[in-house]
Amino acid sequence: MSSTAVAVVTGSNKGIGLAIVRALCKQFSGDVYLTSRDIERGKAAVSELQKEGLKPLFHQLDINDLQSIRALRDFLKEKYGGLNVLINNAGIAFKVADTTPFHTQAEVTMKTNFFATRNICNELLPLIKPKGRVVNVSSVVSIRALSKCSQDLQKKFRSDTITEEELVKLMEKFVEDTKKGVYEKEGWPNSAYGVTKIGVTVLSRIQARVLNETRKGDGILLNACCPGWVRTDMAGPQATKSPEEGAETPVYLALLPPGADGPHGQFVSDKTVQTW
């Protein structure tokens, strides 16, 4: 078994994910895994970085496929005995002009951004080694979406005692409410992407709390972050940041020094803890 430290970045064959891998290859002392659903695209991205003199490794990962997640889990367990850095970057968003019905957008976006991210965490968080770092890429859109929720929902999402089960029920309710056409009446905002990212931010707060309870002395730090508005296929060419600039905060959180005791369980944007 290798004693080398290991980092994994989900959804990293392009955009912010690729920029995160590039930065980790330069700054993280250990093996860095670029992962993607599509093997050809993943390997092409690895070749691109190799031409820059970097040495990323590749592993297939489709976060919507539990078997794919478990194959990665078993590989990491066998080869490294665990995992040091996990960056959950994979996510999707429909374009503003997309004419797909809102309830379909809500269901599809929720499946990937929240439920698949949660599946990854359920399988890989137990592998995180002491002093490990976990970064869930959320979005500042989650803060905007939260401010547009009803007072009742805001209170639930800001609660320091909300459980993962309660959060899951709320995310499922949003999708159901969109199908019934009652989501606005039920206090939800009209951004499906925003609600999925509320889910990611709140999930991160819960996971950090659970780590405090179950692995107090291990020095693991877990946070949600916003990379900013980044020029990617997802956000489009008008965005203000380059992918490299978008990678800065996730990489900063992934590389918090071994003795650091925070941030933990926070929402971080531009390397600064934001009020949730």
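Let's start with the salt bridges: there are 16 of them in this structure, and please keep in mind as I go that we are looking at a predicted model.

Take Arg22 and Glu48. Their side chains meet in a salt bridge, with 3.5 Å from N to O. Arg22 belongs to helix 1 and Glu48 to helix 2, so this pair ties together parts that are 26 residues apart in sequence. Are the two partners buried or exposed? Arg22 has a relative accessibility of 15%, which is under the 20% cut-off, so Arg22 counts as buried. Glu48 is partly exposed, at 37%.

A second pair that spans the chain is Glu164 with Arg118, where the closest N and O atoms are 2.6 Å apart. Here Glu164 sits in helix 7, residues 164-180, and Arg118 in helix 4, so to speak two distant parts of the chain, 46 residues apart. Glu164 is another charged residue that counts as buried, at 18% relative accessibility.

Now for a local one. Glu176 and Lys179 form a salt bridge whose closest N and O atoms are 3.9 Å apart. Which element holds them? Both lie in helix 7, three residues apart, which is about one turn of the helix.

On to the nonpolar side of things. The largest nonpolar core has 31 residues, and the members that touch the most others are Ile20, Val21, Leu24, Leu34 and Ile87. Which elements give two or more residues to this core? On the helix side they are helix 1 (15-27), helix 2 (39-51) and helix 9 (243-254). On the strand side they are strand 1 (6-9), strand 2 (31-36), strand 4 (83-88), strand 5 (128-137) and strand 6 (221-226). Helix 1 provides the largest share, eight residues.

Leaving aside neighbours within four places in sequence, its contacts include Val9, Leu18 and Val21, along with Ala45, Val46 and Leu49. Among the other contacts of Leu34 are Leu57, Phe58 and His59.

There is also a second, separate core, with 25 residues, and Met110, Ile162, Val175 and Ile198 are among its members.

Let me turn to helix 4, the one that holds Arg118. How many residues does helix 4 have? It runs over residues 102-124, so to say 23 residues, and reaches 32 Å from first C-alpha to last, close to the 33 Å expected at 1.5 Å a residue. Helix 4 also has a bend of about 35°, located at Lys111.

Next, the aromatic rings. The count is nine aromatic pairs. One of them is Phe157 with Trp188, a tilted pair with 6.1 Å centre to centre and 50° between the planes. Phe157 is in helix 6, residues 151-158, while Trp188 is in the loop between helix 7 and helix 8 (192-214), and the two are 31 residues apart. Both of these residues, Phe157 and Trp188, are buried. They also belong to a cluster linked by ring pairs, made up of Phe102, Phe157, Phe174, Tyr183 and Trp188.

Last, a few backbone details. Where is the cis peptide bond? It joins Gly262 and Pro263, with omega about -5°, and Pro263 is in the loop between helix 9 and strand 7 (267-269).

Two lysines have a positive phi. Lys131, in strand 5, has phi near 70°, and Lys131 is partly exposed, with a relative accessible area of 45%. Lys271 has phi near 60° and is found in the loop between strand 7 and strand 8 (272-274). Lys271 is partly exposed too, at 44%.

Definitions and conventions:
Residues are numbered from 1 along each chain as its sequence is written. This is a predicted model: local features need pLDDT of at least 70, side-chain atom pairs count only at pLDDT 80 or more; totals for chains, interfaces and linings use all residues. Side-chain values use heavy atoms; hydrogens and water are left out. A nonpolar core is a set of buried Ala, Val, Leu, Ile, Met, Phe, Trp, Tyr and Cys residues joined through side-chain atoms within 4.5 Å. Buried means under 20% relative accessible area, exposed over 50%, partly exposed in between (1.4 Å probe, protein chains only). Helices (H or I, at least four residues) and strands (E, at least two) are DSSP runs, numbered from the N terminus. Contact means heavy atoms within 4.5 Å. The expected span of a helix is 1.5 Å times one less than its number of residues. The bend at a residue is the angle between axes fitted to the seven residues ending there and the seven starting there. A salt bridge is a side-chain nitrogen of Lys or Arg within 4 Å of a carboxyl oxygen of Asp or Glu. Rings of Phe, Tyr and Trp (its six-membered ring) pair if their centres lie within 6.5 Å; planes under 30 degrees apart count as stacked, over 60 as edge-to-face and the rest as tilted.
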